[in-house]
Structure formats: structure tokens, C-alpha cells
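Please open the structure in the viewer and keep the selection panel at hand.

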Amino acid sequence: MTWRIVVPGSTANLGPGFDSIGLGLSLYLQLDVTPQDEWEIVHVSEHLPTDIVIEEHLIYCIAKQIADQYGKQLPACKIEMTSELPFARGLGSSAAAIVAGIEVANLLCDLHLTTQDRLNLSSQIEGHPDNATASVLGGLTISSMTKEGVVDTLHVNNVDASFVVFIPNVELKTSEARGVLPAQFDRGYAVEASANANMLAASLMARDFKRVGHYMEQDRFHEPFRATLIPNYDDIRSAAKEAGAYGTALSGAGPTMISIIPTTIEQVFVTSMQQRFQNHDIVLTKADEHGIQVTTIATM
Ligand code: HSE
């Protein structure tokens with residue numbers, strides 16, 4: 001018997017929703033998990049590395065950590081992994097791997113984790129709940145996490161908008177992109193940053209995508225400090241706006257950027273951005289509506 005675990009990648013922040021707002025995307029990590037006597041991990045997608053050390057593989061490490069946390073032995077299995085999520089680009093590849101690793105432990109050790117357990121465990125490991133909650137639930141997630149690691153998420157589906165990601169051919173580690181952020185803001189600045197985040201959240205809930213786009217471009221928490229790390233940051237924002245996007249922000253910590261666009265201009269917009277930014281992969285995506293999904297597939 002084989003379990004198929006499918007986890008959506010995600011975009012985080014959408015501008016000012018720093019460390020809180022996430023959106024599951026229709027780009028996926030897939031694991032086929034088959035119990036067997038020895039551990040084996042196979043990367044099926046071509047862009048994934050081939051030099052695999054099981055004990056250092058994120059999926060294995062997370063599954064082992066969760067099994068230990070619940071006082072269980074982690075049985076061995078074969079994992080065949082396929083991914084549409086490029087590594088260290090701001091599309092939630094590590095959060096998706098964490099969510100998948102937790103599920104591997106859940107299935108192999110029969111842990112009966114609840115959705116709330118999945119939200120808490122994945123957000124605690126990530127350190128913030130934006131990407132992790134979006135990978136668990138799909139759709140739009142607006143979350144907070146207490147110091148004790150308890151997550152509260154407001155989850156909304158049917159975000160009927162189109163998104164385009166601009167993926168550059170360079171990696172940016174989240175730790176590096178967090179390293180450039182100030183430790184403190186003064187009160188007036190923090191009030192403005194927080195007001196913009198509130199307006200973004202309210203506009204998302206109201207499906208007022210024009211306003212969503214406006215507030216995506218009004219972040220004060222992180223983008224002003226990260227912009228210089230991002231290839232073509234200003235050019236992409238202005239060219240996307242000229243081509244009809246409602247707005248453009250960093251996807252998570254970057255270096256990918258994400259535009260929200262009217263569904264009516266999808267193809268024209270993508271073609272025009274592909275011509276303009278030939279060093280980027282320009283990909284049209286939608287909100288994922290399901291979050292993590294587990295099915296069983298019969299093996300011969
Ligand atoms: N909210 C996070 C950040 C997302 O912007 O650093 C990336 O993990």
C-alpha cells in the first residue's frame with residue numbers, strides 16, 4: 001500500500017501581512033510513501049538534487065522529530081518525491097516539506113493528528129504561521145501564533161483571483177532575508193505598517209482585489225529593507241502595473257515576486273511579462289482550495 005501526500009506551496013505576507021497572511025498556491029509537492037524495511041528517498045523531479053543523505057533530508061528529519069516528540073519509533077519507508085516548488089525562492093518549499101514530513105510521521109506512526117495539531121506543529125517548526133497554515137489548509141489564511149506555539153487561523157476559500165509569480169534564477173535563504181530587517185520600529189511607523197496590514201486583510205476578505213493590489217504595495221515591515229536583495233524589484237512592480245496588475249509584492253521573503261491580476265488579462269499579461277523579464281520564470285497560478293491531501297494508491 002502506498003500513501004500519496006500532496007501539499008500546496010504558498011505565498012506569504014502579500015506585502016504587509018508579514019508573518020501572518022498566507023495563500024496556498026496551485027503548485028505542489030507530492031510524496032508517494034510506501035512502508036518497506038530500509039529507508040529510501042527518491043527525487044523524481046529533475047530540478048531536485050540527486051545526492052540524497054537520508055539523515056539530512058528535511059522530510060526525514062521532520063518525520064523523525066515528530067515521532068520522537070510523540071514517543072514513537074519511526075518505521076522505515078520509501079518516499080518518491082515530486083515537486084513544482086523551487087527551493088529558496090519564496091514559494092513555501094520548506095513549509096510544504098515540513099507539513100509533508102509531519103504527515104509522514106502521522107501515517108507511519110498512526111498519530112491521529114488533528115488539523116489544529118498540524119497547524120501548531122508546522123508553524124512552530126517554521127517559526128511563523130503564514131506559509132505553514134496555507135500549506136495545511138489551502139486558500140487564504142490569516143493567522144496569529146502565541147509564544148507557546150498555539151495557532152489561531154481564519155481560513156477563507158474561493159479567492160477567485162489570478163496570480164502570476166516572477167521566479168528569478170537565484171536563491172535567497174529566508175534567514176538571509178530576515179537578517180536585513182530592523183529589530184524595532186518607532187510607534188508612528190508601526191501604526192502605519194499595521195494599518196496597511198489591516199487594510200490588506202479587510203480588502204482580501206471583501207474580495208476587493210483592486211484595493212488588495214494597492215495595499216500589497218504598501219508594506220512597511222519588510223519590503224523596504226529587502227528590495228535591494230531582489231533582482232528587478234522596481235522594474236517588475238512598475239511593468240506589472242502598466243500591464244494591468246492590481247499590485248505586486250514579494251512572495252514571502254523573496255526573491256520571487258507575485259502579482260495579483262484580473263482573470264480577464266491572464267494570457268496577455270503572462271506573455272508580455274515573459275517578453276520583458278526573460279531571466280525569470282513567469283508562472284500563472286491560482287489559489288489552492290484543499291490544502292494537504294492524503295490518498296491511498298494500490299501497488300502491484
Ligand atoms: N513571513 C516570512 C518572511 C515568510 O517574510 O520572512 C518566509 O518564511
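Select the ligand together with Ala-12, Asn-13, Phe-18, Asp-19, His-128, Asp-130, Asn-131, Thr-174, Arg-178, Arg-226, Gly-252 and Ala-253, the residues that surround it (each with a heavy atom within 4 Å of it). The model is a predicted one, in which local features need pLDDT of at least 70 and side-chain atom pairs pLDDT 80 or more, while totals for chains, interfaces and linings use all residues. Residues are numbered from 1 along each chain as its sequence is written, and side-chain values use heavy atoms, without hydrogens and water.

Next, display the polar contacts (pairs of N or O atoms within 3.5 Å). The side chain of Asn-13 places an N or O atom 2.9 Å from a ligand oxygen. For Arg-226, the corresponding distance to an oxygen atom of the ligand is 2.8 Å. A nitrogen atom of the ligand lies 2.6 Å from a polar side-chain atom of Asp-130. On its own the ligand has 260 Å² of accessible area, of which the protein covers 96% (Shrake-Rupley method, 1.4 Å probe).

Now colour domain 1 (2-156 + 288-297) and domain 2 (162-286): both give residues to the shell, so the ligand lies between them. The domain bounds come from an automatic or database assignment.

Finally, turn to the backbone. Select Gly-254 and Pro-255, whose connecting peptide bond is cis, with omega near 5 degrees. Then select Arg-207, a residue other than glycine with a positive phi, near 55 degrees.

Key: Polar contact = N/O pair within 3.5 Å; in protein donor to acceptor, adjacent residues only side chain to side chain.
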